[in-house]
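Please read them alongside the coordinates.

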Amino acid sequence: MDNLQKNITENKAVDNFDNKLSTLNLGPTHPATHGIFQNVLKMDGERIHSSEQTLGYIHRAFEKIAERRPYNQIRPLTDRLNYCSSPINNIGWDMTVEKLIGIEIPKRVDYLRVIIMELARIADHLICNSVIAVDTGALTGFTYVFQERERIYEIFEEICGARLTTNIGRIGGFERDFNETANKKLKLFLKEFPKRFKDFETLLCRNRIFMDRIINVGPISAERALNYGFTGPNLRAAGIDYDVRAMNPYSSYQDFEFKIPVGENGDTFDRFMVRQEEIKQSLSIINQAMDMMPEGPYHADVPEFYLPPKTDVYTKMEALIYHFKIIMGETKVPEGEVYFSVEGANGELGYYLISDGGRSPYRLHFRRPCFIYYQAFSEMIKGALLSDAIVTMSSMNVIAGELDA
Amino acid sequence: MLSNRSIKVSNKKMTFWERIYLPAIIGGMFVTFKHIFKKKATIKYPEQKRPVSDVYRGKHILKRDENGAERCTACGLCAVACPAEAISMIASERKMGEENLYREEKYASVYEINMLRCIFCGLCEEACPKEAIFLTTELVPPFLERQDFIYGKDRLVEQVDKRVDVSKRKLKHTV
Ligand code: SF4
Ligand code: SF4
């Protein structure tokens with residue numbers, strides 16, 4: 001207790017208050033945290049003196065479950081990591097397995113994947129940015145961009161059949177080609193979205209009330225961010241232009257022109273603006289991919305891993321054997337250890353996979369960016385107001401599903 | 001700078017125009033006002049339903065063939081493919097005179113899907129070598145009892161007089 005008292009008197013931020021701390025449980029289920037995680041805050045009046053994070057409330061042991069699942073049944077698990085942008089997780093997983101097996105992917109599949117992943121990124125950033133606004137009390141923009149997110153989900157639905165837990169793509173490509181309707185919806189989205197997004201920008205970006213509210217809230221220096229292992233928009237907001245898509249291009253990202261937005265000092269406004277710009281960059285990537293779309297098949301020619309056509313299953317012995325082997329998870333995968341990462345909507349989403357040649361991974365680890373951001377949360381909100389902590393959390397886009405795999 | 005394609009996006013300096021903040025507010029008001037005259041984005045849900053795509057992954061159906069015989073042969077591939085372990089079945093042998101009921105010599109006398117476990121991933125329809133199980137665009141309705149979510153053959157098998165068209169959702173390469 002003495003120590004605590006000393007700490008308090010030493011802490012500048014709380015000097016002016018009388019030295020009584022109260023404990024506040026923010027979470028596990030708090031409407032403002034957008035997910036299930038607990039923060040035990042030591043409050044000095046309205047200021048946060050110190051905080052402690054608890055996690056594990058929706059731990060589902062995915063890494064352990066994955067050790068018992070054949071490779072193509074792990075994709076549904078990845079849906080539930082960052083559920084705001086499931087397709088990125090799905091495709092990232094497929095590409096990890098492809099890296100392990102070492103298969104060549106047709107250009108067209110790469111481009112289709114880029115389109116899907118960028119759409120997912122837009123959807124994720126839209127949610128994050130509009131929720132920052134909601135947490136500061138501006139609900140209108142949120143309702144506008146949610147209509148656009150709906151359009152994105154409808155495109156996913158056309159391709160894979162689900163909106164949120166997409167389970168999109170297969171090892172080697174896509175389960176089905178983009179159909180007429182999907183293409184039509186995609187074109188409509190590309191046409192309509194910039195207008196709607198402009199509205200959102202007009203409402204918030206250069207609005208002094210909003211700016212005053214979030215500038216210098218929850219800052220983190222580039223050095224601290226790097227030490228924590230930040231990636232993605234949150235690191236870029238601190239001024240470091242690290243982006244997996246540019247540093248280590250996968251899925252033909254090297255073919256596209258795009259800029260990497262960076263911020264100044266990693267505060268909430270920087271994070272907001274970085275995401276805002278990234279949405280525009282993603283849109284331009286999708287446009288480029290649509291324009292340059294090569295001809296070709298929508299899946300690689302890997303009969304051992306990609307399900308054969310049903311007509312072949314009925315008539316050809318070989319196809320039937322492959323069909324059974326793929327479903328039972330009995331196709332041979334090489335032994336080995338791979339790390340593959342994609343630029344998830346939240347940062348570097350990595351898959352560390354060890355295979356012993358069996359039907360399921362020997363060990364699988366998901367490098368979840370949210371887990372890393374959340375470690376820094378305590379430092380970022382120290383001495384801040386409670387309401388600032390809420391905004392900081394939503395601007396870091398901590399998604400509960402990704403926090404606890 | 002790691003890459004040479006970074007751009008600075010956050011400008012925290014406000015111009016005089018922005019500092020007096022009234023123009024921004026009027027601009028915002030204008031945007032919201034404009035939206036009053038736009039088409040409504042919401043629908044009145046239970047009465048009015050959103051058109052879902054042909055490939056939407058909803059409630060399952062066990063198909064019958066052209067003659068009305070059940071296609072499923074209780075091979076168990078769907079149960080193996082199911083990541084949620086939602087499917088269970090008991091296989092039986094077809095007897096004489098049941099050829100019009102079951103397409104193959106072996107059939108599933110009990111076939112259950114636990115809709116509470118199911119994650120509607122669609123892997124079962126992909127796995128089925130007999131094109132017997134498909135997901136449909138219908139949703140599983142809510143029930144009060146957990147037991148009610150375990151769908152047996154009575155609710156899964158396609159009714160003879162109410163055929164469901166699944167041709168659109170068959171994967172393209174399956175023709
Ligand atoms: S849809 Fe997926 S979870 Fe549901 S029964 Fe089929 S395989 Fe299992
Ligand atoms: S539904 Fe298809 S996969 Fe499942 S047991 Fe019947 S025939 Fe086999």
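1. Ligand 2 is surrounded by 13 residues, the closest being Cys72(B), Cys75(B), Cys78(B), Cys128(B) and Ile133(B); a residue is near a molecule or strand if its C-beta atom, placed from the backbone, lies within 6 Å of it. By class, this shell holds ten nonpolar residues, two polar and one charged. Ala, Val, Leu, Ile, Met, Phe, Trp, Tyr, Cys and Pro count as nonpolar, Asp, Glu, Lys and Arg as charged, and the others, Gly among them, as polar.

2. The model is predicted: local features need pLDDT of at least 70, side-chain atom pairs count only at pLDDT 80 or more, and totals for chains, interfaces and linings use all residues. Residues are numbered from 1 along each chain as its sequence is written, while chains are lettered from A and ligands numbered from 1 in the order in which they are written.

3. Ligand 1 has 14 residues around it, and Cys82(B), Ala84(B), Cys118(B), Cys121(B) and Cys124(B) come nearest. Its shell divides into 13 nonpolar residues, one polar and no charged.

4. Chain B contains five helices and six strands, where helices (H or I, at least four residues) and strands (E, at least two) are DSSP runs numbered from the N terminus. Their order from the N terminus is β-α-α-β-α-β-β-α-β-β-α. The radius of gyration of chain B is 26 Å, well over the 16 Å that the globule rule gives for 175 residues, so chain B is more spread out than a compact globule. The radius is taken over C-alpha atoms, and the rule is 2.2 Å times the number of residues to the power 0.38. The C-alpha trace of chain B spans about 90 × 50 × 35 Å along its principal axes.

5. Of the 175 residues of chain B, 26% are buried. A residue is buried if 20 or more other C-beta atoms lie within 10 Å of its own, exposed if 12 or fewer, and partly exposed in between, with C-beta atoms placed from the backbone. Among contacts in chain B with a separation of 6 or more, 74% join residues 24 or more positions apart; two residues are in contact if their C-beta atoms, placed from the backbone, lie within 7 Å.

6. What does each chain bring to the interface? On the chain B side, 43 residues are in contact with 47 residues of chain A. Elements of chain B that each supply at least two of its residues there include strand S1 (6-8), helix H1 (16-19) and helix H2 (22-36). H2(B) gives the most, with five residues. That side of chain B divides into 24 nonpolar, ten polar and nine charged residues.

7. Strand pairing also crosses between the chains: strand S6 (residues 260-262) of chain A and S1(B) pair in the parallel sense over three bridges. Two strands pair if DSSP finds at least two bridges between them. Within S1(B), Ile7(B) is the bridge partner of Pro261(A).

8. Chain B has an open, antiparallel sheet of three strands in the order S3-S4-S6. Strand S3 (87-93) and strand S6 (150-151) of chain B are its edges, each pairing on one side only. Strand S4 (residues 106-114) of chain B pairs with S6(B) over two bridges, and Asn114(B) has Ile150(B) as its bridge partner.

9. In chain A, strand S7 (residues 336-344) and strand S8 (residues 347-355) run antiparallel, joined by nine bridges. They form a hairpin with two residues between them; Glu343(A) and Glu348(A) are bridge partners. S8(A) is also joined by five bridges to the antiparallel strand S9 (residues 363-367) of chain A, where Phe366(A) is the bridge partner of Tyr351(A). Seven of the nine residues of S8(A) are buried.

10. Helix H4 (residues 86-101) of chain A has 15 of its 16 residues buried, so H4(A) is largely enclosed by the rest of the structure. Just after H4(A), Gly102(A) takes a positive phi of about 75 degrees. Helix H16 (residues 386-396) of chain A is likewise largely enclosed, because nine of its eleven residues are buried. Its cover includes helix H5 (107-135) and helix H12 (268-292) of chain A.

Key. The expected span of a helix is 1.5 Å times one less than its number of residues.
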